[in-house]
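The entries below follow the order in which I looked things up.

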Amino acid sequence: MLYTLSQISIGISTCIYSSSLLLKSKYKMLTVQIISSLFFVAHYFLLSELLAGFVGVVEIIRLVSFFLLERKESLNTNKNRIILGIIFTIACSICAYFTWTGIYCILPLIATMVVNITLSLKSVFFYKLGAIIYTVLTIAFLFIIGSTFGAISQCVVLIFGLIGIILYFYQQKNKNLNN
């Protein structure tokens with residue numbers, strides 16, 4: 001029963017998260033990803049994957065923090081973004097230390113660190129690129145822990161991420177042509 005609930009939860013998360021990768025602004029992307037992450041984290045806890053679950057909780061706090069930075073332009077400085085990235089990387093490492101169950105646990109940890117770095121940059125392109133790297137590592141992790149539907153659904157996220165990057169370049173090209 002818990003496995004079935006976990007797969008439903010990851011399916012809901014995938015639908016929500018995939019749509020975020022098509023959005024133009026980081027603020028809107030973060031808003032949608034906060035909601036998606038709640039389902040994603042529930043999926044990990046339902047599968048008793050504590051490291052990924054607790055790292056996911058840290059990710060939600062990180063998303064909320066960067067969301068607030070995006071809203072408050074005076075605080076949205078490179079220095080503050082880098083400090084937050086470092087804080088959340090350390091927090092994820094602490095979670096990993098206390099919940100480590102095997103070498104495969106390094107995948108969600110590295111994935112989160114990549115997103116921490118890309119969120120520290122103001123560029124929407126790099127954030128979308130970080131999301132793609134995150135998704136590839138997450139797919140591998142989900143197959144390893146036996147969340148087959150989760151891994152397959154993350155392939156959908158990967159496709160949306162690639163479409164999001166293509167749309168970004170298309171929008172930039174049109175913006176340059178109009179100037």
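This is a predicted model: local features need pLDDT of at least 70, side-chain atom pairs count only at pLDDT 80 or more; totals for chains, interfaces and linings use all residues.

**Fold and overall dimensions**

Residues are numbered from 1 along each chain as its sequence is written, and side-chain values use heavy atoms, without hydrogens and water.

I noted an element order of α-α-α-α-α-α-α from the N terminus. The C-alpha trace spans about 55 × 30 × 25 Å along its principal axes. The radius of gyration is 16 Å, which agrees with the value near 16 Å for a compact globule of 179 residues; it is taken over C-alpha atoms, and the rule is 2.2 Å times the number of residues to the power 0.38.

I then looked at contacts (heavy atoms within 4.5 Å). Of those with a separation of 6 or more, 70% join residues 24 or more positions apart.

**Core**

I found that 48% of the 179 residues count as buried, meaning under 20% relative accessible area, with exposed over 50% and partly exposed in between (1.4 Å probe, protein chains only). The largest nonpolar core has 43 residues, and Leu30, Tyr44 and Tyr127 have the most contacts inside it. Such a core is a set of buried Ala, Val, Leu, Ile, Met, Phe, Trp, Tyr and Cys residues joined through side-chain atoms within 4.5 Å. H6 gives the most to this core, with 11 residues.

**Salt bridge**

I located one salt bridge in the structure, defined as a side-chain nitrogen of Lys or Arg within 4 Å of a carboxyl oxygen of Asp or Glu. Arg81 pairs with Glu70, with the closest N and O atoms 3.3 Å apart. Arg81 lies in helix H4 and Glu70 in helix H3, 11 residues apart. Arg81 counts as buried because its relative accessibility is 0%.

**Surface**

I computed an accessible surface of about 9,000 Å², 75% of which belongs to carbon and sulfur atoms, by the Shrake-Rupley method with a 1.4 Å probe; for residues, only the protein chains shown count as cover. Ile12 lies in helix H1 and counts as partly exposed because its relative accessibility is 35%.

Conventions: Helices (H or I, at least four residues) and strands (E, at least two) are DSSP runs, numbered from the N terminus.
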